[in-house]
Amino acid sequence: MSQQLEDNLGLIVVRIKEARIKSRYGIKKVPALAYIRNNKTAMYDGKFEFETLYSWLQENRQPSTVDLDDTSFEHLTQAASGATTGDWLVVFHDGKCCKKRELIKLENAGIKLRNKVNVASVNTHKAPETKERFKISSCPQVIFFRHQKMYQFTLPEINVKTLRNFAEGFYKNSKAEPVPLPLSAFDKFLDKTIEFFTVNSYQLLIILAVTTVCTALFLIFAGMKSSSPLTKTKSQ
């Protein structure tokens with residue numbers, strides 16, 4: 001079978017027996033197949049029959065999940081402007097709380113939801129504005145976006161089944177919240193200004209104090225000079 005897949009799909013088939021690698025991918029029983037493309041991994045969950053496996057590989061040659069950041073989030077999801085690109089299930093993480101296995105579960109959930117719901121991940125370290133926009137406080141945090149509303153994932157465990165169930169209807173059990181608008185250029189400028197004054201408040205206080213003292217001394221000196229009597233010495 002391996003040779004047939006290589007010949008027909010141009011894949012490189014690697015056989016791995018190391019327990020460490022199995023643990024990394026969450027493999028508990030063999031045979032198991034991890035399909036890696038564009039640095040994203042999906043786990044095959046069907047029968048190991050050539051026709052079935054071949055069809056699955058063909059259908060999933062492209063990853064089912066998208067990586068979003070501050071630049072691409074609103075452009076692709078259109079979460080606040082009407083969502084003409086469809087519904088989106090988004091997992092927010094910091095690159096640490098989501099390990100290889102969690103991202104594999106997300107990829108497999110994306111395969112189950114393909115052509116029905118868009119699935120994406122956001123690394124909040126690379127998307128600080130998006131993190132602030134949606135008030136991301138836990139890791140990982142899952143939000144479902146639909147028709148300019150957002151729904152927080154409330155199921156106890158994040159796996160392929162719960163992600164799929166949530167996106168396919170269980171989201172209705174969560175509170176619908178309006179999607180906040182992305183920050184405008186003025187909002188970003190204001191945030192940067194506040195951040196600058198917050199970070200440099202001590203230095204600014206010192207500068208203000210020195211400026212105040214210098215100004216006060218200058219005014220006192222100028223007042224004393226203007227109030228001193230003018231004396232003229234007239235020679236006889």
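Reply: Happy to, and please keep in mind that this is a predicted model. The largest pocket holds about 880 Å³ of space. Its lining is made up of 26 residues, and Val13, Val14, Ala32, Leu33 and Ala34 are the closest to its centre. Strand E1 has the largest share, with four residues. Sorted by class, the lining of the largest pocket has 20 nonpolar residues, five charged ones and one polar one.

Let's move on to the second largest pocket, where about 600 Å³ of space is found. Here 20 residues form the lining, and those nearest the centre are Tyr25, Gly26, Ile27, Met43 and Tyr44. Helix H5 (residues 100-112) gives the most to this lining, namely five residues. By class, the second largest pocket is lined by 10 nonpolar, four polar and six charged residues.

Around the largest cavity sit Val91, Cys98, Glu102, Leu103, Leu106, Pro140, Ile158 and Leu163. Helix H5 turns up again here, giving the most to the cavity lining with three residues. In this lining seven residues are nonpolar, one is charged and none is polar.

Technical notes. Residues numbered from 1 in each chain as written. Predicted model: local features only at pLDDT ≥ 70, side-chain atom pairs only at ≥ 80, totals over all residues. Heavy atoms only, no water. 1 Å grid on protein atoms, 1.4 Å probe; cavity = no way out; pocket = protein on both sides within 12 Å on 5 of 7 lines; lining within 4 Å. Points joined across faces, edges and corners; volume = space filled by probe spheres on them. Helix = DSSP H or I, 4+ residues; strand = E, 2+ residues; numbered from the N terminus. Nonpolar A, V, L, I, M, F, W, Y, C, P; charged D, E, K, R; others polar.
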